[in-house]
Structures are given as structure tokens and as C-alpha cells.
Amino acid sequence: MGSLARAPFRGSNDLSDSTASPVTPETCMICGGTQFTALGAHKGHHIFRCTECGFGFVHPMPTGADVAAIYDNYGPSISYTRKARKKVARSRKRLKRYMHLAKGNRFIDLGCNIGTTVEAARELGLDAHGIDIDPASVGGAKRIFPGGKYHAGPIESLPPEWGMFDFAFSTEVIEHIPDPHAYFEALAPRLAPGALLYLTTPDAGHWRVPANFPDWDQVFPPHHILYFTKDSMTRFLDRHGFDVIRFVWSLKPALKVLARKR
């Protein structure tokens, strides 16, 4: 799990500060709605849900610099490195399930950490690339899985010579990003028309999410700050030129979506 970010932190839900008066958002960044439900607070971060599309988010939103500071020198954890080969096998199985839907073999993993999915893609014959904002993670990827191509930096810094991609993985990344629109505005031009996108993020609309939202184990801002539902994800992807192919069923509260770039 890469630092775009995939954080290991799981703090306990502290609602002692939830009695402070929250500042209500003005508009939903996904649908433009103006009506919100306050869902509670976690460690001083208030969470709201748009009543129009179901999108949940922290408000006020941390700045990009605040979020980036969390992952400075995050690097690959010892446990992640030790499990690298098992993670490659798991990624290879998942890639094999969907790669036939891609219209070419140029692949990129967004938030690649130490490169396990990139390595799985390479072993399956794809032209495999990975990007992660954390240089230490990318350094680990180059050392452990030198067959792939890697870049350290934000999505806006993707090397021009890498060209465009036919198949993109974005697993457990978008929930960490304060401005998902800017992220996709940088990503979309690097995906070829008809490119396949596989994206995962916690599913805030899943039936197993606790009624008291801050009790959900996926609520731990400032690491997780966005909480998508199927409706809000469909609207978001449509805005950026993607059509949802399908949502993959999950027993756990995980949103897994296959989409195609128009």
C-alpha cells in the first residue's frame, strides 16, 4: 500500500471533541449539493455527508501540505516488505481477473509502494509502471523488483516519456486526497481512450458501515478524509470522462469499481 497514500495507522475513535460546533460546508465537491448531515467527529475532524449523493468528507478539509506531511519518510514497512511475494501473488490473481478488459498492455499502479502490483503486472507480460509520492517506497520497489519502471512524485510529475496507459490501478488511494478533482485532472490525460481503470476505496454506503459513522474502522482522519458511495463515485468518474462498467461485489465495506475512459 503506497503513500498516495495507504497508511498503517488505526487510531481509536475519540469523540470527546465532537461537541464543538462544526462549520457546515457550503457545497458538495461531487454533486454541488447544499444539504448535509453531520456524521460526528474523530480527533477534532468533523465529518459530513451530502444528502444528495451520499458523499462523506472531512470539513474543514486538511490542506495538501498537511496530508503530505503525514507520509514524509513513510517508506515501506518491515511487515509489508516481508509479505512482498505473497502480495505479488495476490495482485497477479486480481490482475488476471480484469486484464482481458484492457485494450493494450501499458499498465500503471498509482500508489505503488514497494512495487508488488507492478511486479505482478510485469510477470503477466504487461509493460508495468508504478508511481508513489514517497521516494523511500520507490527506492524499495527499485531494489526489490527492478524489472518494473518506477517514479517518485505526485501524479502531475509523471514522466512525459512514459506516454499514455491502457490499464490503471488505484487501490486505497483516493480516500486520502484533499482534492480528488485535481488528481483526476492530472491522471485522465495520461490514460488512452478506452483505458481501463480499477479503483478501490472504502464504501461509505455499504450495509455493514455502523450507524454511528465514526465507529467505522475506516474513519481515521487526517489519513482518510473522503468517503465515497456508489452514487457519488459514479458522478465523480463521469465528471472526469469515465463510464462505470460495474461495481465488484464485496462482503466487506469496500468499493471496487471497474470503469472505462471515454
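# Exercises on a predicted protein model

In this predicted model, 69% of the contacts in the protein chain between residues at least 6 apart in sequence join residues at least 24 apart.

**Exercise 1.** Determine how many helices and strands the protein chain has, and what share of its residues counts as buried.

*Solution.*
- Step 1. The secondary structure comprises 7 helices and 11 strands.
- Step 2. The protein chain holds 262 residues, and 53% of them count as buried.
- Step 3. Its accessible surface comes to about 11,500 Å². Carbon and sulfur atoms account for 53% of that surface.

**Exercise 2.** State the strand order of the open sheet of 7 strands and identify its edge strands.

*Solution.*
- Step 1. The order is E6-E5-E4-E7-E8-E11-E10, and the pairing is mixed.
- Step 2. Strand E6 (149–152) and strand E10 (242–248) each pair on one side only, and these are the edge strands.
- Step 3. From one strand to the next, the twist averages 20°.
- Step 4. Within the sheet, strand E8 (residues 191–202) and strand E11 (residues 254–261) run antiparallel and are joined by 7 bridges. Pro202 has Ala254 of E11 as its bridge partner.

**Exercise 3.** Describe where helix H6 lies, and decide whether H6 is mostly covered or mostly open.

*Solution.*
- Step 1. Helix H6 (residues 180–187) lies across strand E4 (106–110), strand E7 (165–171), E8 and E10. Relative to E8, the helix runs at about 150°.
- Step 2. A residue counts as buried when its relative accessible area is under 20%. By this criterion, 6 of the 8 residues of H6 are buried, and the helix is mostly covered.
- Step 3. The buried residues are Pro180, His181, Tyr183, Phe184, Ala186 and Leu187.
- Step 4. Their cover includes E4, E7, E8 and E10, together with strand E9 (226–227) and helix H7 (230–239).

**Exercise 4.** Identify the residues that touch the most other members of the largest nonpolar core, and list the contacts of Phe184 beyond its neighbours within four places in sequence.

*Solution.*
- Step 1. The largest nonpolar core has 48 residues. Those touching the most other members are Phe184, Phe213, Phe228 and Leu237.
- Step 2. Phe184 is also one of the buried residues of H6.
- Step 3. With the neighbours within four places set aside, Phe184 is in contact with Ile174, Pro189, Leu197, Leu199, Phe236, Leu237, His240 and Phe242.
- Step 4. Another core, of 23 residues, lies apart from the largest one; among its members are Val88, Leu95, Ala141 and Tyr198.
- Step 5. As a general background, nonpolar side chains tend to be buried together in soluble globular proteins.

Technical notes
Residues numbered from 1 in each chain as written. Predicted model: local features only at pLDDT ≥ 70, side-chain atom pairs only at ≥ 80, totals over all residues. Heavy atoms only, no water. Core = buried A, V, L, I, M, F, W, Y, C linked by side-chain atoms within 4.5 Å. Buried < 20%, exposed > 50% of the residue type's maximum accessible area, 1.4 Å probe, protein only. Contact = heavy atoms within 4.5 Å. Pairing = 2+ DSSP bridges. Helix = DSSP H or I, 4+ residues; strand = E, 2+ residues; numbered from the N terminus. Axes fitted to C-alpha atoms, helices over the stretch in contact; angles between N-to-C directions. Areas by Shrake-Rupley, 256 points an atom, 1.4 Å probe, with all protein chains shown as cover.
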